[in-house]
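Here are a few notes to read alongside the model. Have a look at it first, then work through the points below.

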Amino acid sequence: MIVIHYTAMASCAAARTRLCDPAFEVSAHWLISETGEVEGLVPEASRAWHAGAGEWGGIPDVNSASIGIELANSGRQPFPEPQMAALGALLAGIMQRWAIPAHRVIAHSDMAPARKSDPGARFDWRRLALQGVSVWPEAGEADMKAFLPALRRFGYPDASEADLLVAFRLRFRPWARGPLDSTDAGLACDLAARFPVDVASVPA
């Protein structure tokens with residue numbers, strides 16, 4: 001899989017320094033600056049320390065099963081066009097090299113919903129889906145009781161409904177407010193129906 005992050009630092013240079021300092025025990029395979037410069041920090045075939053505790057699709061050690069991309073962004077501003085264009089091209093290349101399907105491109109907040117919020121509500125996931133390098137749900141409604149089971153079938157970890165709703169909306173419905181509703185459930189059910197976890201690929 002591929003996990004997308006933001007650096008939450010003041011500059012790309014500061015993020016690079018942090019990611020390359022062994023004392024901080026954090027790293028990523030790729031770093032993309034605000035101006036669209038793409039820099040490889042860890043070989044894709046090697047394990048990087050970018051994901052931390054969490055789970056996706058039944059895989060608890062995400063670091064060992066993923067490529068991490070850091071976007072230079074404080075978490076408070078939009079992602080610039082050059083950066084998004086560079087990300088789209090990088091994703092397409094990684095997906096081709098490693099045969100990663102679009103539904104295995106996830107947010108850091110997807111795999112660690114109680115702990116992380118990146119890349120956040122300002123990140124344009126729909127743009128990536130239109131480019132074929134991520135997925136986007138079809139609109140619809142469903143019984144709210146179907147929300148949690150659908151999220152699990154799509155790949156989200158076992159977490160509280162409140163934490164999962166926040167993570168889900170960050171990615172697919174960042175403008176939504178209030179409690180869980182039938183629209184959230186409908187979107188989740190669509191994703192689960194089209195992109196269910198392949199249980200055969202999950203380690204025992």
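1. Start with Trp56, which is buried at a relative accessible area of 0% (buried means under 20%, with a 1.4 Å probe and protein chains only). Phe154 counts as buried too, at 3%.

2. A word on the source: this is a predicted model, where local features need pLDDT of at least 70, side-chain atom pairs need 80 or more, and totals for chains, interfaces and linings use all residues. Numbering runs from 1 along each chain as its sequence is written, and side-chain values use heavy atoms, leaving out hydrogens and water.

3. The structure holds 10 aromatic pairs (ring centres of Phe, Tyr or the six-membered ring of Trp within 6.5 Å; planes under 30 degrees apart are stacked, over 60 edge-to-face, the rest tilted). Trp56 and Phe154 make an edge-to-face one, 5.5 Å centre to centre with 90° between the planes. Those two residues sit 98 apart in the chain, Trp56 in the loop between strands S3 and S4 and Phe154 in helix H5 (helices are DSSP runs of H or I, at least four residues; strands are E, at least two).

4. What about Phe168 and Phe172? Their centres are 5.2 Å apart and their planes at 50°, so the pair is tilted. Phe168 is buried at 0%, and Phe172 at 1%.

5. Ring pairs link Trp56, Trp136, Phe147, Phe154, Tyr156, Phe168 and Phe172 into a cluster.

Key: Buried means under 20% relative accessible area, exposed over 50%, partly exposed in between (1.4 Å probe, protein chains only).
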